[in-house]
Amino acid sequence: MGDPMKIKAALMDGVTEVKVLMRHPMETGLRKDESGALVPAWFITEVTATHVDRVVLRAQFGTSVARNPYLAFRFKGGQPGDRITVSWVDSKGDRRSDEATIG
Amino acid sequence: MRRGRCTAARTRALAVALVVLGGGALAPVALQAADPAPDARFKQLLQQDFRPRGGAGMDRLEQDPVQKICTETHDRPPAGPREALQKEQLEAIRWPADGHFLGDWRAGEKVAQDGRGMTWSDLPGAVSGGGCYGCHQISPQEIAFGTIGPSLLQLGRKRGASPQMQRYVYGHIYDAKAYNLCSTMPRFGFSGALTEQQIKDLVALLLDPDSPVNRP
Amino acid sequence: MAEVTGARAGAATHKALGVGRAARAIAAAWPWVAAILLWSGADTAMAAGGASDPVDAAIARYHEMLDEGNPAELDEMRGEQLWKTAAGPAHASLEGCDLGRGPGVVKGAYAELPRLFADTGRVQDLESRLITCMTGLQGIPESEIVAKPFSTDSARSDIEALVAYVAGQSRGVTMRVPVHDAKEKGAYALGERLFFYRAGPYDFSCASCHSSNGSRIRLQELPNLSTTAGAQRAYTSWPAYRVSQGLFRSFQWRLYDCFRQQRFPEPVYASDATIALTMFIAANANGAVYNGPGIKR
């Protein structure tokens, strides 16, 4: 199980903005360590966000996304107190899922 | 029995002398004592709170006369000592035996770009760069340049590439302190950071008419 | 349907591939900087100072883009966990640790460090004080803590996470480092002296780079740490997440890496020399509002 994410969700004028900070090495497989050896690829492949029970975002991440990815997105609707769930899967099959409520 | 005034004064003087002389050795370690920073305590701080690593030994913390006077005067030394030390630095420059100063500007650009060398994370004896772009604008194509030193763009075009100018530039890179005692610029030849050939290549980068530095 | 409003491409990723929707945001800044400088032509030489304005503007825009989603917040979370979790042979948390505002008071503590501590009789910065608490309250041997105080890709440092947490708890607090006691004044004086001490094969002191206004090394701005304005800007941006390293870095790390580039021998971690230097810079920054861990290239 991956490291905890930090999720913030705020409602303004009928639009909910969600900001997510994920902890992940996001290794491209092209980087070399101090000894000159290639660091194996290891990165988040898919991110899903749901509002209560409805999927509002599905993203395919890859090697161009930074270490410790930051993602922000908006969707119409949402009410204070509603549950937002963000989940990711990575190239090793590891998973992480965290929740937040709309503030 | 009443003490004579002379004896009392001598005793006081002796006590003061003991405190001053013995203070360095007997004072609690550096930072944590209450009085302002005298030399001995500062030296103790350097000795105890640094350690050698890789090619960076403790001898590096000993100041030579140039470093000492520039430190003490915050880079504004009085004229007399300044002239004398500059002269000494100039005399210490090892000029190329063949009397030539112009190398290959392409190699010079590589030296100017490379900021490695002489740190504790560099292998001792490995080839160093000059790190010139850290402080200077040089070739127009390189936009990632520093502004600590003056721009060297068009240097050859502006000042010409006479033998005297070549010698001046060579000398300046070898030992900038020979021309400006408290210059921020490292003494690349004097310290052994750069080889004679590397410095010649830098002279070419700056003065050769074909170098991108000087193209119209 | 969701609209994506922000994402970040890492420096290494961007260099390695140079493509990708996220990478374009950062890459976008550089071509127009190059265009402006090349267009300036020969006059760039004379206006090297003036030409720094479009470059400075581009750098500022890069910083703006970085500000959202600072991974340092994840280190703050981890640090808070470590603060509150029992650990070490004594099986105790750090909740009894006195950072200068009383045992367990974390809020506002970073804005008043370094300072003199009565229990140790020493002027201490945050990292030195964390060592005091980790050894004193938790029984963790000091040698273990100082063996590897800085994170690497494979091994994360606990003390760096604790620094993130404590620093974050001074967000919005005005800096008020005390320089009242003779020992605090002594530390400031020693720090100032070390700041101006030129040595090593390159004749560098801290002042070589950090005692003038408006200069930069390559494209990195160099704050003038000997002045209030410069120290305020610089000190309040540390500790920080370094994008190029993908790691959170403390002020002790910053001093350590500066000394490395100065071609000095290695400073002892959380030693009096490093505390003195921190005291000099932090006290110079007094009056500034600390805005919590920063994010840098």
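Chain C splits into domain 1 (11-67) and domain 2 (72-296), with bounds from an automatic or database domain assignment. This is a predicted model: local features need pLDDT of at least 70, side-chain atom pairs count only at pLDDT 80 or more, and totals for chains, interfaces and linings use all residues. Residues are numbered from 1 along each chain as its sequence is written, while chains are lettered from A and ligands numbered from 1 in the order in which they are written.

How do the domains meet? In chain C, 5 residues of domain 1 are in contact with 4 residues of domain 2. Contact means C-beta atoms, placed from the backbone, within 7 Å. On the domain 1 side, helix α5 (residues 52-67) of chain C gives the largest share, 4 residues. Helices (H or I, at least four residues) and strands (E, at least two) are DSSP runs, numbered from the N terminus.

Next, chains B and C. Here 49 residues of chain C are in contact with 48 residues of chain B. Helix α10 (residues 182-195) of chain C gives the most to the chain C side, with 7 residues.

Strands join too. Strand β1 (residues 50-51) of chain B and strand β9 (residues 266-267) of chain C run antiparallel, with 2 bridges. Strands pair if DSSP finds at least two bridges between them. B:Phe50 has C:Pro267 as its bridge partner.

Last, B:Arg53. B:Arg53 sits in the loop between β1 and α3 (65-72) of chain B. B:Arg53 touches B:Trp120, C:Pro265 and C:Glu266, not counting residues up to four places away in sequence.

Conventions. Contact = placed C-beta atoms within 7 Å.
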